[in-house]
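Take a look at the model below, which is a predicted one.

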Amino acid sequence: MTVTFSDLHKESGLKALNDFLSGKSSISGDQLTKDDIKVYAAILGEPSADLYPNASKWYGAISAKLAPSFPGKAVGVRIGGAAAAESAAPAEVAAADDDDDLDLFGDETEEEKKAAEQREAAKATTKKKESGKSSVLLDVKPWDDETDMKKLEEAVRSVELPGLFRGASKLVAVGYGIKKLQIMLTIIDDLVSVDTMIEEILTVEPINEYVQSCDIAAFNKI
C-alpha cells in the first residue's frame, strides 16, 4: 500500500513521519529502499533528535549510507526557497517506476547524482541561514486552579512564528490544586526571541485569559 507524506518542510509533516517510523528502521520493510530516498530528498535538513527522535535516527542512517558516494568537497550553490529542494522528489519518482530496492553501493544515474547535489546544497543553505538553534523548556502558569488547562495549552500552541517549533508538553503540579504547563520549544536563534514572545504574545490578549505568567526553566544551545 502506498504511503503518502506531505509538508515535510513543516513541523506537521516531520511529526507525521516521526510517528510513522516508530518501531521501524525504514519506510518500506526492514531494509532501505527507493521509498526512503524519495522521502529523504524531500526533507531540507536533519530532523531534531529532541523533537523527532525516530525521524532523526532514520535520517542519520540514510546519510551514513549515502556519504561514501559523494567524497568530493561541495563549493555551494544557492537554491531559491524550500520548493526547490522539494523538486528533487518528483525527479526521482520519474526515474523509479518500480518498487525494487535501491542498490546504494552501485553506480548512480545522472538523475540520482543531480538530486543528491540539490539535497546537499539545500541543507547547506538552510544551515547557513539559520545560524543556530536552541532548546527551550518553558513554564506556563495559569491564573488559578479553575483555569481550563486544555484551553491554555491550545492557546500556547496556537502561536505561529517563523523559526518556532513546539514539542512535547506535560502538566506539573505546583500546589493548592494548581498545575503549570511545561512545554519544550526549539527555536532558530536569529528568528525568535523567547523574551519578546512572552512579553508581546503569551501574556497579552487573548492568550492572557488563561496565562498568568511564563518562565524559562531551561535554555540550551543545540
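Seven nonpolar residues, no polar ones and one charged residue make up the lining of the largest cavity. Its members are Leu138, Val156, Val159, Leu164, Arg166, Leu185, Met197 and Leu202. Arg counts as charged, so Arg166 is the charged member of this lining. Two elements, β2 (164–175) and α8 (194–202), each give two or more residues to the lining. How much space lies in the largest cavity? About 50 Å³. The count of cavities of 30 Å³ or more comes to one.

Now to the rings. A pair of aromatic rings is described by the distance of the centres and the angle of the planes. The model holds two aromatic pairs.

Phenylalanine 5 and phenylalanine 20 form an edge-to-face pair. Their centres are 5.2 Å apart, with 85° between the planes. That angle counts as edge-to-face because it is over 60 degrees. Phenylalanine 5 sits in the segment before α1 (11–20), and phenylalanine 20 belongs to helix α1. The two are 15 residues apart, so the pair links distant parts of the chain.

Phenylalanine 20 has 22% relative accessibility and therefore counts as partly exposed. Lysine 24 lies over the face of phenylalanine 20, 4.6 Å from the ring centre.

Tyrosine 40 and tyrosine 59 make a stacked pair, at 4.6 Å centre to centre and 25° between the planes. Here the angle is under 30 degrees, which means stacked. Tyrosine 40 is in helix α2 (residues 34–41), and tyrosine 59 is in helix α3 (residues 53–66). This pair also links distant parts of the chain, 19 residues apart. Are these tyrosines buried or exposed? Both tyrosine 40 and tyrosine 59 are buried.

Key
Residues are numbered from 1 along each chain as its sequence is written. This is a predicted model: local features need pLDDT of at least 70, side-chain atom pairs count only at pLDDT 80 or more; totals for chains, interfaces and linings use all residues. Side-chain values use heavy atoms; hydrogens and water are left out. Rings of Phe, Tyr and Trp (its six-membered ring) pair if their centres lie within 6.5 Å; planes under 30 degrees apart count as stacked, over 60 as edge-to-face and the rest as tilted. Helices (H or I, at least four residues) and strands (E, at least two) are DSSP runs, numbered from the N terminus. Buried means under 20% relative accessible area, exposed over 50%, partly exposed in between (1.4 Å probe, protein chains only). A charge sits over a ring if NZ of Lys or CZ of Arg is within 6 Å of the ring centre and within 35 degrees of the ring normal. On a 1 Å grid over the protein atoms alone, a cavity is a set of points where a 1.4 Å probe fits but cannot get out, and a pocket is an open set with protein on both sides within 12 Å along at least five of seven lines; lining residues have an atom within 4 Å of a point. Grid points are joined across faces, edges and corners, and a volume is the space filled by probe spheres set on the points.
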